[in-house]
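This report goes through selected strands, helices and charged pairs of one model. Please keep the sequence and the structure in view while reading.

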Amino acid sequence: MAPGRYFLWIPLGGNRQIKPRETRLLKLVYFDPKEVKSVSRFVSLYSIASSIPRFELGFEKERRDYDTFFIIQAPMGYRVKYVRERAEMDNTVLTKEHGFYEDVHDYVINVRIPVIHSKSIYFSAKYDILPPKVEITLFYLSIIPLYIMAILMLASAVGGSFLPPFLTQILLKGYKEIIAGTATAALAIAGLIRDPLLDRSRYYYLVAGAIAIISYFIFLMGLD
Amino acid sequence: MCLILATFKSRCSYKGDLGMSTPLGGVRILRERVWVIHDSEKEPRRRQIIKEYTIFNESDDNITDIIIDINEFLLGLRIFDQDGSELSFYPKNFIRDLLKPYINEKDIGGTIGTRSIFFVDSFRG
């Protein structure tokens with residue numbers, strides 16, 4: 001036998017035997033330990049903020065006389081981005097006429113691979129699990145003002161001449177409060193993020209907090 | 001992965017690959033569904049695979065055993081009947097030892113690889 005190939009032998013016992021003319025549903029449940037690749041962070045607005053895992057599906061169907069269905073289901077609130085790579089039967093692309101179809105929804109994908117007697121079928125696809133839209137929206141709604149404030153405070157602390165004088169005056173007037181608010185908000189949000197796909201976004205908040213804190217020290221040195 | 005259903009009789013038993021059309025004169029898989037489930041919000045990268053087979057016994061014999069030919073490691077494998085009961089299965093070393101006196105391992109691979117029906121008897125005395 002080829003390496004890695006083995007048998008599972010399931011004794012059904014007296015009361016579980018499949019009787020003549022009877023149907024039975026059998027389930028094999030396991031985890032897929034294959035490592036996933038993260039989508040490059042420069043691909044989309046989503047991938048800047050989050051580490052999007054990408055999975056592959058591969059399937060070769062030979063001389064089977066039953067349909068095969070793939071159902072991909074995202075966790076609650078998450079979405080699936082699905083891309084088919086290959087669905088062929090002896091170099092012919094499978095279509096609906098052959099009985100091949102794909103139902104693609106936000107959180108669930110259903111693919112049917114039909115029976116085509118005496119033909120081999122090859123199917124492969126990739127899919128990404130995307131974080132909830134609302135979390136990405138909140139990321140951009142919070143990170144952009146925080147960076148604007150942190151950079152403005154840094155500029156006013158170093159005496160940036162490109163800022164209008166009235167703006168510099170306003171910023172310097174409530175400097176400690178604005179800095180404290182910006183740094184606290186940035187660090188608190190970084191600490192509150194629990195979504196594993198948004199781990200990467202923590203660094204953006206930490207950097208915004210660090211800029212605010214550095215601005216404060218520069219501001220203090222300027223007072224001396 | 002291929003499923004082989006076994007109907008063991010008192011003396012002579014036979015097995016066949018369900019992938020072929022009714023090799024046992026009426027035992028077949030009607031449908032295969034592969035659920036790829038990312039069920040955990042805490043760890044959406046983790047995926048659970050559920051392979052679900054609908055089997056129909058068109059033969060006149062009871063199916064007493066199911067043998068599955070596997071070519072990959074299945075992490076944390078559990079097998080369930082349709083009522084949700086977990087089924088036990090023999091580990092591979094046990095099967096190897098069980099088959100060794102009767103069938104050469106290479107022959108088994110070759111036989112299943114070519115999808116032919118083969119006979120085994122006296123497994124159960």
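The text below takes the strands, then a helix pair, then the salt bridges.

The model is predicted, and local features need pLDDT of at least 70, side-chain atom pairs count only at pLDDT 80 or more, and totals for chains, interfaces and linings use all residues. Residues are numbered from 1 along each chain as its sequence is written, chains are lettered from A and ligands numbered from 1 in the order in which they are written, and side-chain values use heavy atoms, with hydrogens and water left out.

**Strands**

Helices (H or I, at least four residues) and strands (E, at least two) are DSSP runs, numbered from the N terminus. Buried stands for under 20% relative accessible area, exposed for over 50%, and partly exposed for values in between (1.4 Å probe, protein chains only). Strand β1 (residues 6-11) of chain A is mostly covered, with six of its six residues buried. From β1(A), A:Y6, A:L8 and A:I10 point one way, while A:F7, A:W9 and A:P11 point the other way.

Two strands pair if DSSP finds at least two bridges between them.

The loop between β1 and β2 (23-31) of chain A holds A:R21. Phi of A:R21 is near 70°, a positive value in a residue other than glycine. Most residues other than glycine have a negative phi. A:R21 counts as exposed because its relative accessibility is 54%.

Chain A also has an open sheet of five strands in the order β3-β4-β10-β6-β7, with antiparallel pairing. The edges are β3 (37-38) and β7 (92-93), each with a single partner strand, so one side of each is left without a neighbour in the sheet. Strand β6 (residues 79-89) of chain A is joined to β7(A) by two bridges, and A:E88 has A:V93 as its bridge partner in β7(A).

**Helix pair**

The axes of helix α2 (residues 133-157) and helix α4 (residues 175-192), both of chain A, come within 10 Å and cross at roughly 140°. Axes are lines fitted to C-alpha atoms, for helices over the stretch in contact, and angles run from 0 to 180 degrees between N-to-C directions. Contact (heavy atoms within 4.5 Å) involves residues including A:L146, A:M149 and A:M153 of α2(A) and A:I178, A:T182 and A:I189 of α4(A). The contact residues divide into 12 nonpolar, three polar and no charged, where Ala, Val, Leu, Ile, Met, Phe, Trp, Tyr, Cys and Pro count as nonpolar, Asp, Glu, Lys and Arg as charged, and the others, Gly among them, as polar.

**Salt bridges**

A salt bridge is a side-chain nitrogen of Lys or Arg within 4 Å of a carboxyl oxygen of Asp or Glu. The structure holds 17 of them over all chains, among them the following.

| Pair | N to O distance |
|---|---|
| A:R16 and B:D83 | 3.2 Å |
| A:D67 and A:R112 | 2.6 Å |
| B:E86 and B:R78 | 2.8 Å |

A:D67 in strand β5 (residues 67-73) and A:R112 in strand β9 (residues 108-113) of chain A are 45 residues apart. A:D67 is buried at 17% relative accessibility, and A:R112 is buried at 19%. In the pair of chain B, B:E86 is partly exposed at 43% and B:R78 is partly exposed at 42%. Salt bridges that share partners join A:R16, A:E22, A:R24, B:D81 and B:D83 into one network.
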